[in-house]
2 protein chains.
Amino acid sequence: MNETSRSDLNAFFDPCNVAVFGSLREIPGTAYWVVRNMLHFGFRGDIYPINPDPSKYGEVLGLKSYADINEVGEAVDLAVVITPPPTIPEIVQKCATGGVKAAIVLSEGFTEAGEGGAELQRQLTEISRSTGIRIMGPNTFGVVNTANGLVTVPPYTDTERIERGGIAVCGQTGSIGPHQIPLEDWAYPVSKMCDIGNKCDVNEVDILNYLATDPETKVVAMHLEDVREGEGFIEAARRLTSVKPLVILKTGRSEAGARASASHTGSIVGTDRIYEIALRQAGAIRVNNWQELFEVPRTLLLQPLPAGNRFAVITLTGGQGVIAADSASASGLAVARFSPETTRNLSALSPRLGGNPVDLGPAMSDSRTMSSPNPFAAYGEALSLVLDDANVDCVTVVFACGRQTVPLFPMIVDMLSKSTVGHAKTVNVFLYGTNLSALQEMSRRLQAQGLPAYLDLDLAIRSLGYAAYYSRVKASLDESRLLCV
Amino acid sequence: MNETSRSDLNAFFDPCNVAVFGSLREIPGTAYWVVRNMLHFGFRGDIYPINPDPSKYGEVLGLKSYADINEVGEAVDLAVVITPPPTIPEIVQKCATGGVKAAIVLSEGFTEAGEGGAELQRQLTEISRSTGIRIMGPNTFGVVNTANGLVTVPPYTDTERIERGGIAVCGQTGSIGPHQIPLEDWAYPVSKMCDIGNKCDVNEVDILNYLATDPETKVVAMHLEDVREGEGFIEAARRLTSVKPLVILKTGRSEAGARASASHTGSIVGTDRIYEIALRQAGAIRVNNWQELFEVPRTLLLQPLPAGNRFAVITLTGGQGVIAADSASASGLAVARFSPETTRNLSALSPRLGGNPVDLGPAMSDSRTMSSPNPFAAYGEALSLVLDDANVDCVTVVFACGRQTVPLFPMIVDMLSKSTVGHAKTVNVFLYGTNLSALQEMSRRLQAQGLPAYLDLDLAIRSLGYAAYYSRVKASLDESRLLCV
């Protein structure tokens, strides 16, 4: 089997049909709930619940259940297995023999649970090697594909709808799953999700190869604890980062963290310095924490890459301007010096404007502005002027809102979004105020118009810093490719 | 006037009555709204609106208004002034002559607005020096005192109620104000708030001296851009930190940030290295960002200080355990090694427990646990066992919740809170899940029972790291005091 076909994970994400093995009792954490979640999220293919005691269930959630995969009478693409670990090698072997292309083993109790589990996991690896069936897991929540409604998680997800979008989120811990994260409240734009779990077969290299060519995925966010094939990883990551950004949170940085990782995955974790070098060679954006893993991709998805690192901020208080300048410096950005023309035009807008940070506070509380038909117009004008400046590559706009501004949100979003038209520069928004629901509402509205919003100023600016870093990396990758031609 | 009386800021925070100077038009940003906010938050003293044209207003919001402070006919403690800058020196002078003890100048347009403004500000400083009236500001939102309902901010606050509690929040930017922060959604426990603005008179040293002896304040959170009197600051901060924690965000760290600060406050900002040393000498906890400024004090307020830096975590996935160990290492905490007894007792709870991180995941999904009358009981038991261990000083408990667990919140909070009884150790909680409202609801409930909750694991652990740092600092301050006796 050559590498291309081994990395073809299509059966995991886009199967025509799925057989689900396990208990059909109505409790979360069972095959019943896998089926229920697939129906809830509108999976478009056929679903075959498989349980050796069909007399008891016969029909589940309106679907016929089967005692054995052989009874299905159709070629099955994907098996999802959540049965006691000792039963699993036989089930997967039978699937392979029956022509099933891929299996997701959701159950826990393998390498992470001691020697008995490790032996079972070795059997799974061997089955994959000898038969060609691809196996994801064990000890995983499986996959999500928002394009076809495939959601294989066994718990109750507490989620009505996952928004279809361009970010692939993957990792090797269950806490990356749709049942753990407020995807719906964030309106997080997901293409695919997956948890490679204990990696008995499918690993990060396969995922990178698959996502590099997945047209739905524009940005990849990946959580990693260990990498098994160093060179293969760098190669696959470079291939991906030459076409789309790869944001990586590599945990187990500290000695204590590496020990904790070894104890729960049974894997050997290299020193952090090696990962640092590998991730740099791979052209990946290495982030520092969970929050950045989810938040940084939003700017990368919605905005163009900055041509350089020259940063401007439009604030509402001087204090925020200072914080913004500190954050920019810590993120590898330079506080842009405006051209004389921009300074002149900003000063014409309000006598105390002209420099960067652009502190709109005094202009906004100016009685002329307040009594003008649209006191927020200063925002749009200042943003346009700053984006017009050839010395500026990226901008964070600070906006304060509360319950009383909710009726104005459509107008404000429209104005901000119009101000960015025709500028291929990177813009995001920092929102603050007294009311969390209003902030979330505004954030969703901005995002729907292509403007990523953050509830933390530092995080907004760090996202621009990472974007500028990737822009440099990509330029050098492009250059080395040209040289190879 | 000796130093003690100069630092007596009682008239700012606990005046018997307040005169409010400025426009009585019904628009946010005026004296009318200062009065309205004071009434809204239930200020207990008398309020005298002052406007030279009383014929127009006579009565405002049910209060008699006056053309001049001399007409009030009562001794006035505090003046709040929001009039055009050129009118302000005369108003404050008249207040001083009339025996008013303190004035808050809310208006902008002083040092930060150029030479004309700087001259007006010098006049204010001179009036304070020559008459003894204390002046806060200009360019400030003033003060909040939750004990008596004094809230002097001029904008609409979008807030029904500010919770009375032990954290004093002060700084030198308007963005620290109650009209800018979701205090109500956070149920943030406030004693006092204040913005020293341009510091024509009252500065950070006065605030530290006042808060050191304020019985309502248990923890101080302070944002600073510059310090004018280095030695006085260190002395005052040491006095405060010998009795309560002082959390400081010093911005203008970077060169760009310092430049931005100089341009909006007109102050000269020293190099960051000097601040670093001064803050260490002062025994202050220096935090890195806005989020930490608000979040770290919650653990310091609600929990005892840890005796040492040995940290344990109760998680729900192995992946979180690794992240927790990384965060602990980065925060100066050591991942505790449990005693043989604890290991034995945890293993008795579930065969896969025993180490630190304590990963409750497998135990929680164990069918025996799930079918027990209270699947969450494992939490309480594990937490008690860990807190019993003499090798453990502080603990973060990870809890996942969603809409479906809301009915169980009272039971879970009760159980967690009972498990901490009798242990003088530092405990906080990291909450995660799919639904933001449920998370906020659980966070408020835990806080009401004295358990600080965080929606970010790293932040929860960093808060413990800062608490352990302050615990060491305090011990050495106590020791040096004993040596002096």
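The centres of domain 1 and domain 2 of chain A, taken over C-alpha atoms, are separated by 39 Å. The model under discussion is a predicted one.

**Domains of chain A**

- Domain 1 of chain A covers residues 3–299, and domain 2 of chain A covers residues 304–473.
- Domain 1 of chain A gives twelve residues to the contact between the two, while domain 2 of chain A gives 16 residues.
- Helix α12 (residues 290–302) of chain A supplies six residues, the largest share of the side of domain 1 of chain A that touches domain 2 of chain A.
- Sorted by class, that side of domain 1 of chain A has four nonpolar, four polar and four charged residues.

**A β-α-β unit in chain A**

- Strand β1(A), helix α3(A) and strand β2(A) together form a right-handed β-α-β unit.
- Strand β1(A) spans residues 17–22; β1(A) and β2(A) run parallel and are joined by five bridges.
- Within this pairing, D46(A) of β2(A) stands opposite N17(A).
- Strand β2(A), residues 46–50, is mostly covered, as four of its five residues are buried.

**Helix α3 of chain A**

- Helix α3(A) is also mostly covered, with seven of its ten residues buried.
- Which residues of α3(A) are buried? They are A31(A), Y32(A), W33(A), V34(A), V35(A), N37(A) and M38(A).
- These buried residues of α3(A) pack against several strands of chain A, including the two partners in the unit, β1 and β2.
- The other strands of chain A that they pack against are β3 (59–60), β4 (63–64), β5 (78–82) and β9 (150–151).
- Just after α3(A) comes G42(A), which takes a positive phi of about 75°.

**Contact between chains A and B**

- In the contact between the chains, 63 residues of chain A meet 63 residues of chain B.
- On the chain B side, at least two residues each come from α7 (183–186), α10 (255–265), α12 (290–302), α13 (318–330), α15 (361–365) and α20 (457–484) of chain B.
- Which helix provides the largest share of the side of chain B that touches chain A? Helix α13(B) does, with eleven residues.
- By class, the side of chain B that touches chain A has 31 polar, 19 nonpolar and 13 charged residues.

Definitions and conventions. Residues numbered from 1 in each chain as written. Chains lettered and ligands numbered in written order. Predicted model: local features only at pLDDT ≥ 70, side-chain atom pairs only at ≥ 80, totals over all residues. Buried ≥ 20, exposed ≤ 12 C-beta atoms within 10 Å, placed from the backbone. Pairing = 2+ DSSP bridges. Right-handed = clockwise from strand over helix to strand, strands pointing away. Contact = placed C-beta atoms within 7 Å. Nonpolar A, V, L, I, M, F, W, Y, C, P; charged D, E, K, R; others polar. Domains from an automatic or database assignment.
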